[in-house]
Amino acid sequence: MKTLKEVLSSANVPETLLTASAAASINRESQTLRKWACTGTGPIKPVRINGRLHWKVSELRALLDGGAK
């Protein structure tokens, strides 16, 4: 599982990350992000792709920089 810094340092930066990678990149548990998705109360919202939760890298960056969009 890569952290956001590792992903961003690579040449191919994806637009989204799966829950486990997104959680690790912001130092949270995967279950926290799943709770945000279920309740809709988190600082960022996921995108569903083929039924799986994906988290936008741009929103993760914003969150790490002090707040979501």
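Me: Which side chain does the side chain of Thr 19 make a polar contact with?
Reply: The side chain of Trp 55, at 3.1 Å. Keep in mind that this is a predicted model.

Me: Where does Thr 19 lie?
Reply: Thr 19 is in helix H2, which covers residues 19–25.

Me: Is Thr 19 buried or exposed, and why?
Reply: Thr 19 is buried, because its relative accessible area is 7% and buried means under 20%.

Me: What else does Thr 19 touch?
Reply: Leaving out residues up to four places away in sequence, Thr 19 touches Ser 30, Leu 33, Arg 34, Leu 53 and Trp 55.

Me: Which residues are in the largest nonpolar core?
Reply: The largest nonpolar core has 11 residues, among them Leu 33, Leu 53 and Trp 55. Those three are also touched by Thr 19. Others in the core include Leu 17, Ala 22, Ile 26, Trp 36 and Val 57.

Me: Which elements give two or more residues to this core?
Reply: H2, helix H3 (30–39), strand S3 (52–56) and helix H4 (57–64).

Me: Back to H2. What about Ser 25, buried or exposed?
Reply: Ser 25, which is found in helix H2, counts as buried because its relative accessibility is 12%, and the cut-off for buried is under 20%.

Me: What does the side chain of Ser 25 reach?
Reply: The backbone oxygen of Ala 22, at 2.7 Å.

Me: How far apart are Ser 25 and Lys 2?
Reply: In sequence they are 23 residues apart, while in space Ser 25 and Lys 2 are 7.6 Å apart, C-alpha to C-alpha.

Me: New topic, the sheet. What is the strand order?
Reply: The sheet is open and has 3 strands in the order S1-S3-S2, with antiparallel pairing. The edge strands are S1 (16–18) and S2 (47–49), each pairing on one side only. From one strand to the next, the twist averages 45°.

Me: How many bridges join S2 to S3?
Reply: 3 bridges, and S2 and S3 run antiparallel. As for residues facing each other, Ile 49 stands opposite Arg 52 in S3.

Me: Which strands does H4 lie across?
Reply: H4 lies across S1 and S3, and runs at about 55° to S3.

Me: Which residues of H4 are buried?
Reply: Val 57, Glu 59, Leu 60 and Ala 62. Of these, Val 57 and Leu 60 are listed in the largest nonpolar core.

Me: What follows H4?
Reply: Gly 66, whose phi is positive, near 120°.

Me: And Thr 41, buried or exposed?
Reply: Thr 41 is exposed because its relative accessible area is 63%, and exposed means over 50%. Thr 41 is found in the loop between H3 and S2. Its side chain makes a polar contact with the side chain of Thr 39 at 2.7 Å.

Me: Now the whole chain. How many helices and strands?
Reply: 4 helices and 3 strands. Along the sequence, the pattern is α-β-α-α-β-β-α.

Me: What share of the residues is buried?
Reply: 30% of the 69 residues.

Me: And what does the accessible surface come to?
Reply: About 4,600 Å², of which 48% belongs to carbon and sulfur atoms.

Definitions and conventions:
Residues numbered from 1 in each chain as written. Predicted model: local features only at pLDDT ≥ 70, side-chain atom pairs only at ≥ 80, totals over all residues. Heavy atoms only, no water. Buried < 20%, exposed > 50% of the residue type's maximum accessible area, 1.4 Å probe, protein only. Polar contact = N/O pair within 3.5 Å; in protein donor to acceptor, adjacent residues only side chain to side chain. Contact = heavy atoms within 4.5 Å. Core = buried A, V, L, I, M, F, W, Y, C linked by side-chain atoms within 4.5 Å. Pairing = 2+ DSSP bridges. Axes fitted to C-alpha atoms, helices over the stretch in contact; angles between N-to-C directions. Areas by Shrake-Rupley, 256 points an atom, 1.4 Å probe, with all protein chains shown as cover.
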